[in-house]
Amino acid sequence: MMKILVCVRSVPLPESSFRVNGAGNFYDQSELNSQVNEYDLFSIEEAVRLKERFKDVEITVVSVGPQRVDLEIKKALAQGADQGARIDDPQGLEKDSLSVASLIAKWASDKKFDLIFCGLMSQDLQRYQTGPMLAQLLSLPCATTIVAMTVSDDRKKIICERELEGGVREKVELLLPALVSVQSGINQPRYASLSNVLKARKIKIPVLPPEPMPGLKPGEKTGRIYLPEKRGKCEFLQGGPEQVAEALLEKIRGKANLFSER
Amino acid sequence: MSGKIIVIAEQFDGKIKPVSLELAGFGKEISQTTGGELIGVALGFPALALAREFARASGLKVIGLEHPNLETYNADSFVQALSKFIPGQNPDYILIPHTAIGWDFAPRLAAALNGSCLSVITGLKMDGRLRFLRPICSGKLMAEVEPAPDTVAVITVNPGAARAIKPDAPGQAEFVKMDLAETATKNLGYTEAKRGALDLTKAEVIVAAGRGLGKVENLELVKTLAGLFDKSAIGASRAVVDAGWLPYEHQVGQTGQTVHPKLYLALGISGAIQHLVGMTQSELIVAVNTDPKAAIFNVAHLGVVQDLIKFLPALIEKIKEIK
Ligand SMILES: Cc1cc2nc3c(=O)[nH]c(=O)nc-3n(C[C@H](O)[C@H](O)[C@H](O)COP(=O)(O)OP(=O)(O)OC[C@H]3O[C@@H](n4cnc5c(N)ncnc54)[C@H](O)[C@@H]3O)c2cc1C
Ligand SMILES: Nc1ncnc2c1ncn2[C@@H]1O[C@H](COP(=O)(O)O)[C@@H](O)[C@H]1O
């Protein structure tokens, strides 16, 4: 049996209108609709493909956060994961990566997962930290930014392609157990089938107490969150499509001779 | 804590990458407020030549860390070497480029040193104490982050966050041989993506397609529009390339091409930092997006809050009228 863990984060829809909370140290989370972090969808898809290939594979999804993140765990189950677990930390979504990794590491340390997936980054906090930290805390080899992967037939190792800058790819081999963090483009996640959605609804999600790894100091602290300053002043063109199109053409015509004479 | 700032250079194929000099520039900004000493580090095999190159280009004193396992990048070996070397230096700040290599080992190093990791840093602020800036929520918000008290800060600095350092004179270089154990990670080498024929840097007008187009069929509108401009090319966000709507050679951004056309039309592109680093040098940036809060409007000169599906046909008609 191959045991796979997928770490899933609940994030607000990126098109949300974000406001700063009263304390000024996070975005206001009330009234935001949530989704599974996009990068974690790629992880789940990759895990499900391994299950299709090797059959005796068990996929567990874990998420750290308040009760409402059960919604995203259910979505992950509907994508094809077998079971879920929620580490019940009301502050789980605001906490620094080291603290989140510490909670997952402590819980996972005796579960003997063969392969752990994280997303390259969370869409809301964009830290790129949690995966590699979790690997370090569990003393696992790790590769980030993977855009292709192959587990060997004997399931003893995994060969990953990491995407570097400028179209260069690095091939790296990790002995299992290992952790990988997934970059977009590795696959096209499937839509959940109706039968899977119904099945997922019935699965009970165990609620686990938040226990950190012993002896770890806290990590990064967020002081203040605010709206970014604009670099230049953006002039917004107002009116209906035709009016705006006309106004826009006036502006860009003055800039340079841009129109083809054909 | 000694106030010391360690700048870890990135190398590829035995050459120091330019991003390392920006990193040193960022280090200098920190030291100008804290007064801390700046020291460069380069990992490799052999290490002395690398250390010399970085010392010459940056003006910093540079220490090379040498071991055969460091010849090409290997996360485990990097973390091993640095967690042996760093404690003796007792720095306050460790700077690493926010690149696919940097973000691969920096968080692990921070965990190994029980320090704080501050990632994707695009700037700093000094008001009583140093704070570091990271764009979050697709660039719609900024976060000010800082290390936990009395911990070393491992900071990944975003490319473009600082100017390259200008050395007054070359720095001193030395190297130490490291004693490293075998690892469960093996670097199997590098491959280069096939370069497409498309060179976006030659275009004067780039009409760039984003996920906001909704579906691949709507690309036709983008193609028609681009066809109406002289010396134009079609650009794309990564989301569009990932979805298979356009091949990789169209991608603009951190993992695509860096462009600076006279006119950049961002159509249904949200303005994620990884896209922005590839196009903010454009002379005139026009953004069309239904979301007035989209981060693309923070860099755009002209903003159009419209549904592309209605707006693009109107724009195409108007251009045809003038011609
Ligand atoms: C390591 C790394 C490297 C990356 N490299 C790159 C890179 O090189 N280039 C790159 O682009 N990205 C890159 N990304 C991805 C980046 O973070 C974003 O995910 C990506 O840029 C989003 O593309 P998008 O703006 O097209 O899509 P989205 O973020 O989904 O934005 C779509 C936009 O369209 C708008 N919209 C929706 N419907 C309409 C409509 N009808 N009319 C008008 N507007 C509409 C929405 O309001 C939204 O703002 C990278 C990410 C990582 C982690
Ligand atoms: N609260 C969380 N619960 C579970 N996994 C998480 C959580 N936060 C982050 N992760 C994982 O870490 C990845 C990277 O997140 P980040 O370090 O925040 O950019 C995500 O894609 C998830 O896989």
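Chain B contains eight helices and 18 strands. The model is a predicted one. Chain B has 323 residues, of which 61% count as buried. Along the principal axes, its C-alpha atoms fill a box of roughly 70 × 45 × 40 Å. Among the contacts in chain B with a separation of 6 or more, 64% are made by residues 24 or more positions apart.

Strands of a sheet pair through backbone hydrogen bonds, either parallel or antiparallel. In chain B, seven strands make an open sheet with parallel pairing, and their order is E7-E11-E6-E1-E4-E5-E12. Strand E7 (116–121) and strand E12 (173–177) of chain B are the edge strands, each pairing on one side only. From one strand to the next, the twist averages 25°.

One pair of strands can be followed in detail. Strand E6 (residues 93–97) and strand E11 (residues 153–157) of chain B are joined in the parallel sense by five bridges. Opposite Ile94(B) stands Val154(B), in E11(B). Helix H4 (residues 102–112) of chain B lies across strand E1 (5–8), E6, E7 and E11 of chain B, and runs at about 160° to E6(B).

Is Ser116(B) buried or exposed? Ser116(B) has a relative accessible area of 0%, so it counts as buried. Its side chain forms a polar contact of 2.9 Å with the side chain of Thr151(B). Apart from neighbours within four places in sequence, the residues in contact with Ser116(B) include Ala110(B), Pro147(B), Val152(B) and Val154(B). Residues of chain A also touch Ser116(B), namely Pro218(A), Gly219(A) and Glu220(A).

The nonpolar residues come next. In soluble globular proteins, nonpolar side chains tend to be buried together. The largest nonpolar core here has 65 residues, and Leu134(A) and Leu65(B) have the most contacts inside it. Helix H3 (residues 97–108) of chain A gives this core its largest share, eight residues. A second, separate core has 39 residues, among them Ala24(B), Ala51(B), Leu60(B) and Ala161(B).

Which residues does Leu65(B) touch, not counting residues up to four places away in sequence? They include Val41(B), Leu43(B), Leu70(B), Leu82(B) and Phe85(B). Val176(B) and Met178(B) are also touched by Leu65(B).

Technical notes:
Residues are numbered from 1 along each chain as its sequence is written. Chains are lettered from A and ligands numbered from 1 in the order in which they are written. This is a predicted model: local features need pLDDT of at least 70, side-chain atom pairs count only at pLDDT 80 or more; totals for chains, interfaces and linings use all residues. Side-chain values use heavy atoms; hydrogens and water are left out. Two strands pair if DSSP finds at least two bridges between them. Helices (H or I, at least four residues) and strands (E, at least two) are DSSP runs, numbered from the N terminus. Axes are lines fitted to C-alpha atoms, for helices over the stretch in contact, and angles run from 0 to 180 degrees between N-to-C directions. Contact means heavy atoms within 4.5 Å. A nonpolar core is a set of buried Ala, Val, Leu, Ile, Met, Phe, Trp, Tyr and Cys residues joined through side-chain atoms within 4.5 Å. Buried means under 20% relative accessible area, exposed over 50%, partly exposed in between (1.4 Å probe, protein chains only). A polar contact is a pair of N or O atoms within 3.5 Å; within protein, one must be able to donate a hydrogen and the other to accept it, and residues adjacent in sequence count only if both atoms are side-chain atoms.
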